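Here is a short report on salt bridges. Look at the structure first, then read on.

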Amino acid sequence: MKTKLLTAVLLGSSVLCSAAAFAQDGTLTIESWRNDDLAIWQEKLIPAFQAKHPDIKVVFSPSAPTEYNAALNAKLDAGSAGDLITCRPFDASLDLFKSGKLADLTELSGMENFSDVAKSAWTTDDGKQTFCVPMASVIHGFIYNKDAFKELGIEPPATEDEFFAALDKIKEDGTYIPLAMGTKDLWEAATMGYQNIGPTYWHGEEGRLALLKGEQKLTDPQWVEPFATLAKWKPYLGDGFEAQTYPDSQNLFTLGRAAIFPAGSWEISVFNTQVDFEMGAFPPPVKAAGDTCYISDHTDIGIGLNAASKNPEAAKTFLTWVASPEFAEIYANALPGFFSLNSTPVKMEDPLAQEFVSWRDKCKSTIRSTYQILSRGTPNLENETWVESANVINGTVTPEEAAKKLQTGLDSWYKPAE
């Protein structure tokens, strides 16, 4: 009897240990820069996944956006990074794949749900290997306070002349800061400034691809003009904009102190919870009525597998779910402003997100000019564009000087393919 009891206890202990081991092995940690999304992952996305896979625990563990790349690289080098790596587009993630930090996901079940264009930000130059599941793109434009516009009798501007006329009217009234943007954090000036309005001048993909091929230079007029326009923003940014951080800019707008926020669509889900006024949006103004409009519809976020993960099968199960229409539907509507890259159409419930995505029907889409290939060397064109965009707005360099510095830096290492 004692022998049978002991055997039963040992068997029970073995089963419990195995279950505990599986639970431990099945715990997945997601690395991300999207700290604003913590509640959405915890309350919507992870519960939806675990409803189908209750034995796989998932933890969303974000870092601050400006610290993410350095923190992630340090964790990967130390072997302490999470199982799932949120992927920046193009070169930063490609470098991780080339160095063996991200696994090859080309044959992952679910990848068939994405077009080659959707996968392009996380595919090798030869197009043969894909290393992150595409999640979403973001669209650039301007978010505005509808109440402020109504008070001042302003219509959303379609041309540059109308845009600056609106800014003049807002400034003259004095109730609102016309534009909520600062230059302290640098990237804000480039991402919400130069890359927002720039495609209108260099004609989106036409100019971007010509720059890659060496057929255009950053010193050409179509690349200098956006800097000249940015320099004209300075009088409308409010006092002390040079010391104004990105969170400061967000607060100025959401508290109703600024009328227009040069934006990426990623702001929508954050602003929805903070404003007590109705918001609208308009795309980057064209130079003249009737001109083709261009938008930065940037492949922004994917998710990959840490090649050193101790839970690769559980991680692949999760990634296959991320590649599903179910995830696309939940994600795009839980995070309005992050537009699905899945081939299955997603109905947008948020009116502001629907306004942004509607521009795809009337404007030509492109991606940020610095992201593909052109920021692989030193100096890094993306980071240098941050600095020069801020300098131009601050008035410490001319548009021509900024463009010349960027092109000189690019010429020092980049040779277009013959």
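This is a predicted model: local features need pLDDT of at least 70, side-chain atom pairs count only at pLDDT 80 or more; totals for chains, interfaces and linings use all residues.

D125 sits in the loop between helix 5 (116-119) and strand 4 (133-145), and R376 in the loop between strand 10 (363-366) and helix 16 (381-394), so the bridge ties together parts that are 251 residues apart in sequence. D125 is exposed, at 53% relative accessibility. R376 is partly exposed, at 31%.

A further pair is R360 and D297, whose closest N and O atoms are 2.7 Å apart. Is D297 buried or exposed? D297 is buried, because its relative accessible area of 12% falls under the 20% cut-off. R360 counts as partly exposed, at 31%.

Salt bridges with shared partners also join D91, D125 and R376 into one network.

E326 and K52 meet through their side chains in another salt bridge, at 2.9 Å from N to O. This pair links distant parts of the chain: E326 is in helix 14 (residues 325-334) and K52 in helix 2 (residues 38-52), 274 residues apart. E326 is partly exposed, at 29% relative accessibility. K52 is exposed, at 54%.

The pairs described here are among the 12 salt bridges in the structure.

| Salt bridge | Closest N and O atoms |
|---|---|
| R360 and D297 | 2.7 Å |

Conventions
Residues are numbered from 1 along each chain as its sequence is written. Side-chain values use heavy atoms; hydrogens and water are left out. A salt bridge is a side-chain nitrogen of Lys or Arg within 4 Å of a carboxyl oxygen of Asp or Glu. Helices (H or I, at least four residues) and strands (E, at least two) are DSSP runs, numbered from the N terminus. Buried means under 20% relative accessible area, exposed over 50%, partly exposed in between (1.4 Å probe, protein chains only).
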